[in-house]
Amino acid sequence: MKLDMRKIYNFYPIDPAPSPDDLPTGGDIYYECQECSEVVSSVPRIKSACACGNLSGHGGTLEVRDATRVRVVRGKLK
Ligand SMILES: [Zn+2]
C-alpha cells in the first residue's frame with residue numbers, strides 16, 4: 001500500500017526555492033517530484049520512492065536523480 005503523504009501533511013513550498021545543487025534536508029523537509037508530483041521525505045527512514053523513480057531512498061538518505069525536477073516543501077501535520 002502506498003502512503004499518500006498529502007492526506008497527513010500540508011505542504012508549503014520553501015521560498016526562496018533552494019538551489020538544485022544544494023537541496024536542504026531535514027525532518028520537516030520533503031521533496032515534491034515535478035515529474036510525477038509525488039512527495040517523498042528528504043530523510044526517509046523507511047524505503048521510499050516516487051512513482052517515476054526520480055526520488056528514492058531509505059535509511060535517512062534520499063537519492064535524487066534530477067534535482068532540477070524537484071520542488072522543496074516543508075511538511076506540517078494536518
Ligand atoms: Zn517522480
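The strand order β1-β7-β2-β3 describes an open sheet of 4 strands with antiparallel pairing. Strands here are DSSP runs (E, at least two residues; helices are H or I, at least four residues), numbered from the N terminus. Two strands pair if DSSP finds at least two bridges between them. β1 and β3 stand at the edges of this sheet with a single partner strand each, so one side of each has no neighbour in the sheet. Neighbouring strands of the sheet are turned by 40 degrees against each other on average, direction ignored. Axes for such angles are lines fitted to C-alpha atoms, for helices over the stretch in contact, and angles run from 0 to 180 degrees between N-to-C directions.

The model is predicted: local features need pLDDT of at least 70, side-chain atom pairs count only at pLDDT 80 or more, and totals for chains, interfaces and linings use all residues. Residues are numbered from 1 along each chain as its sequence is written.

**Overall fold**

The protein has 0 helices and 7 strands. Its pattern along the sequence is β-β-β-β-β-β-β. The radius of gyration is 11 Å, close to the 12 Å that the globule rule gives for 78 residues, so the protein is as compact as a globular protein of that length. That radius is taken over C-alpha atoms, and the rule is 2.2 Å times the number of residues to the power 0.38. The C-alpha trace spans about 30 × 25 × 20 Å along its principal axes.

Contacts are pairs of residues whose C-beta atoms, placed from the backbone, lie within 7 Å. Among contacts between residues at least 6 apart in sequence, 48% join residues at least 24 apart.

**Strand pairing**

Strand β1 covers residues 9–13 and runs antiparallel to β7, joined by 5 bridges. Tyr-9 stands opposite Leu-77 in β7. The bridge partner of Tyr-12 in β7 is Arg-74. β2 also runs antiparallel to β7, with 5 bridges. There, Tyr-30 has Val-73 of β7 as its bridge partner.

A further open sheet of 3 strands has the order β4-β5-β6, again with antiparallel pairing. Its edges are β4 (48–49) and β6 (61–64), each with a single partner strand, so one side of each is left without a neighbour in the sheet. The two pairings of this sheet are tabulated below.

| Strand pair | Bridges | Residue pair |
|---|---|---|
| β4 and β5 | 2 bridges | Ala-49 opposite Ser-56 |
| β5 and β6 | 4 bridges | His-58 opposite Thr-61 |

Each hairpin has a glycine with positive phi. In the hairpin of β4 and β5, with 5 residues between the strands, Gly-53 takes a positive phi near 90 degrees. In the hairpin of β5 and β6, with 2 residues between the strands, Gly-59 takes a positive phi near 60 degrees.

**Burial and core**

A residue is buried if 20 or more other C-beta atoms lie within 10 Å of its own, exposed if 12 or fewer, and partly exposed in between; C-beta atoms are placed from the backbone. Buried residues make up 22% of the 78 residues.

A nonpolar core is a set of buried Ala, Val, Leu, Ile, Met, Phe, Trp, Tyr and Cys residues joined through C-beta atoms within 7 Å. The largest one has 11 residues, including Tyr-30, Cys-33, Val-40, Cys-50, Leu-55 and Val-73. β2 (29–33), β3 (39–41) and β7 (70–77) are the elements that give two or more residues to this core. In soluble globular proteins, nonpolar side chains tend to be buried together.

Tyr-30 belongs to this core. Leaving aside neighbours within four places in sequence, Tyr-30 is in contact with Phe-11, Val-39, Val-40, Ser-41, Ser-42, Val-73 and Gly-75.

**Glu-38**

Glu-38 is found in the loop between β2 and β3. It counts as partly exposed because it has 19 C-beta neighbours inside 10 Å. Beyond four places in sequence, Glu-38 is in contact with Cys-33, Cys-50 and Ala-51. The C-alpha atoms of Glu-38 and Leu-55 are separated by 9.2 Å, with the residues 17 apart along the chain.

Methods: Contact = placed C-beta atoms within 7 Å.
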